[in-house]
Structure formats: C-alpha cells, structure tokens
Amino acid sequence: MTSRGTPSRFLQSVLQNGVGRYVCQLKRISLIFSKNGQSSLGAREFIEEGVVDFAIKNPGTVVYVSPQSCRIPKIVAEYLNGNVKEEAITSKTSQQIAELITKLTNQSGLDIIRIRKPIHTDSPSIQGQWHPFTNRPPSIGPIGPQKQQANERLCETS
Amino acid sequence: MSSFTKSAQQWATFARSWYLIDARMQPPGKIATMCAVRLQGKHKPIYHALSDVGDHVVVMNTRHIAFSGNKWEQKVYSSHTQFPGGFKQVTATQLHLKDPKAIVKLAVYGMLPRNLSRRTMMQRLHLFPEDDLPEDILMNLTEELPQPREIPRRLNEYSQEEREAFPTLWTPPEDYRMK
C-alpha cells in the first residue's frame, strides 16, 4: 500500500520523556514458553541465565514468566500508553532473545508506522510567528479617502 | 503571540488584509506593480504560489491617473472580437473615457502570473474611478500604501514665503520687458 493508504504519525515522545528524568516505557513483559518443546529451548536458556539480571537492571518493568503448553513461545510487551506488542521467539537462541528484549525495553510504546517528518519541536518560533501586523507601522488616523485633503485641493485650485 | 492556540496562530498568520492605494496623479504602471505584488502575496514571508496567500487591494481615483510622456495619445490597447474585421485598436485616452477603470485593470492583469490563479487575484482587486468607496469596503481596510510618485505642486500651491525663499539667479529691473 502507499503511504497515503497506511497509517502515519508525527514524531513525538511520550510526555517529553527524557527532558527531565527518563522513565522506561515498558510496563510489563511476559515470557510465555513451554517446559518441554524444541521451539522454546532458547526461551528456557534465557530464563536460566539472563532474565533475573534483566529484571534487576530494569526496576520499573514487571517481568512475568509463565510456562504453559503452547506451540509457539512468545514475548508479550505492554507499554505505559497501553500498546501491546507480541513477538514470537520460536527457535531463537538465548542471545537473540536477549537482544530482542533490550530492543523492546528501549522502545516507547508508540506505533511503528510511517513517521511523517523526522523532526519535531515544541517551540517552532522563537521570535514569534509572522502575522500581517508584525513590522507594520501603526496607521495614523482612519484609513480611507480623507475629506479634508480633497477640500484643500479644491480651495487651492479655486 | 506565543500564548495563542494553534488554530488562532494559523488564522492570524494566514489572514487576508485589505490595502488601499490612491491613484490620483500616479502612473498606472507603478500602481499596477504595487497591486500585483500584494495580490500574489509576495510581500509576505509565508508566500507560496500554490498557497493562495494574496491580499485584497482597493484602488481609488483611477479616473485621475497620470501617464508620463505622450502615452495618452500614443499608447494603443488592442483587442479582437474573433469575428473577421473585428480587430480594434483604441488609444489610451479613448479607452479611459469609455471606462475609467480599464487602464489600471489591464495593467494589473498583465503583471500577474499567467496561470489559473490570475483570475482569482483579479477578483480580489477592487477599482473605483472616484474616491467614494462603499461602506463595507471602507470597514475592511487595514493599511493605506504610500503613493509611488511624489506629486509636484503647481505654482499657486506654493505659499508666498516659499516663493520668496526660492533662490533666484537674477532679478530683472522694473522696466525689463519679457518676450
């Protein structure tokens, strides 16, 4: 589809995150895997070694680990603005799952669609945006044909 | 202005102004350049040809315009009615007598860009042969533009003090006879 047919948004940050303190936008991350299943081998390895360190490093994120009988293991990431992102981790190695989780942590929850402009500013004008009365000297007297001048010219001609 | 809402700021920036020009004793070409610049919106920093940012221009006293040189007799306005033998050529004087607004109108029309916006811009040009403007137009005016040509004064428009203060090369004696 063309960019007109697909959704698009402007570049923004969630509530100017990072201007003051930085708040990690990842609210909750759930690891769904199966205890016996070839596809969740990487998930199980990651849970053995990496998940606890991840949880300690990101104190603002809640980590859920739920073993269920499922065909495809997945990571469900929920963000503070309500967006939910599901990523399947079938047959991924522990290293790849770790990279994927850091990527999800660094994302804000905004939609991954076309960004219309790669720039955004909250103060687009410093000196004030132009309007027709900037740099216009104030008018002296009412604007329009002045009767006095017309009378003077008539008197002078006569 | 920074405390305006976005819509109010947009409305302020793209507002259309109304300008007044007095064409008394002015060359119509100079009047027309001023009109054309403002009808296109080229006097604004937000100008773009596709954005329709032109303003309204009201020209009064078009009956009292002043051509320089012998243009009243020599300048020719041509038109063709598309019928055979329909080629008409009229001098500026004849055209001005027939329609006092036509000279300024044709001058401005020729100075606007030759595209479809030209007709819209001409609709925003308001010409009046004398200085009696209708109420609703008088209420809209925001600025009067200064006249391009400084009107020279006649001898009887100078006061006696100014005439005496003017430097003379020599004063003729009492019984000097001018030819």
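**Close-up 1. Helices α2 and α5 of chain B cross in a right-handed manner.** In this definition, a crossing is right-handed if the near helix is turned clockwise from the far one by less than a right angle, and left-handed if anticlockwise. The model is predicted; local features need pLDDT of at least 70, side-chain atom pairs count only at pLDDT 80 or more, and totals for chains, interfaces and linings use all residues. Residues are numbered from 1 along each chain as its sequence is written, chains are lettered from A and ligands numbered from 1 in the order in which they are written, and side-chain values use heavy atoms, without hydrogens and water. Helix α2(B) spans residues 28–40 and α5(B) residues 102–111. Helices (H or I, at least four residues) and strands (E, at least two) are DSSP runs, numbered from the N terminus. The two axes come within 8 Å and cross at roughly 50°. Axes are lines fitted to C-alpha atoms, for helices over the stretch in contact, and angles run from 0 to 180 degrees between N-to-C directions. The pair is therefore oblique. Angles under 35 degrees count as roughly parallel, over 145 as roughly antiparallel, 65 to 115 as roughly perpendicular and the rest as oblique.

**Close-up 2. Residues of α2(B) meet residues of α5(B).** Among those on α2(B) are B:Ile31, B:Cys35 and B:Leu39; α5(B) contributes B:Ile103, B:Val104, B:Ala107, B:Val108 and B:Met111. Contact means heavy atoms within 4.5 Å. The residues of this contact divide into eleven nonpolar, three polar and no charged.

**Close-up 3. Helix α5(B) has buried residues.** They are B:Ala102, B:Ile103, B:Val104, B:Ala107 and B:Val108. Buried means under 20% relative accessible area, exposed over 50%, partly exposed in between (1.4 Å probe, protein chains only). Their cover includes α2, α3, β3, α4, α6 and β5 of chain B.

**Close-up 4. B:Thr62 sits in the loop between β2 and α3 of chain B.** Its relative accessibility is 0%, so B:Thr62 counts as buried. A polar atom of its side chain lies 3.4 Å from the backbone oxygen of B:Pro100. B:Thr62 also touches residues including B:Val104, B:Leu127 and B:Phe128.

**Close-up 5. Helices α1 and α3 of chain A cross at roughly 70°.** Their axes come within 8 Å. That makes α1(A) roughly perpendicular to α3(A). A:Phe46 is one of the α1(A) residues in the contact, and A:Ile97 one of those in α3(A). By class, the contact has five nonpolar, two polar and two charged residues.

Definitions and conventions:
Polar contact = N/O pair within 3.5 Å; in protein donor to acceptor, adjacent residues only side chain to side chain. Nonpolar A, V, L, I, M, F, W, Y, C, P; charged D, E, K, R; others polar. Lists of a residue's contacts leave out its neighbours within four places in sequence.
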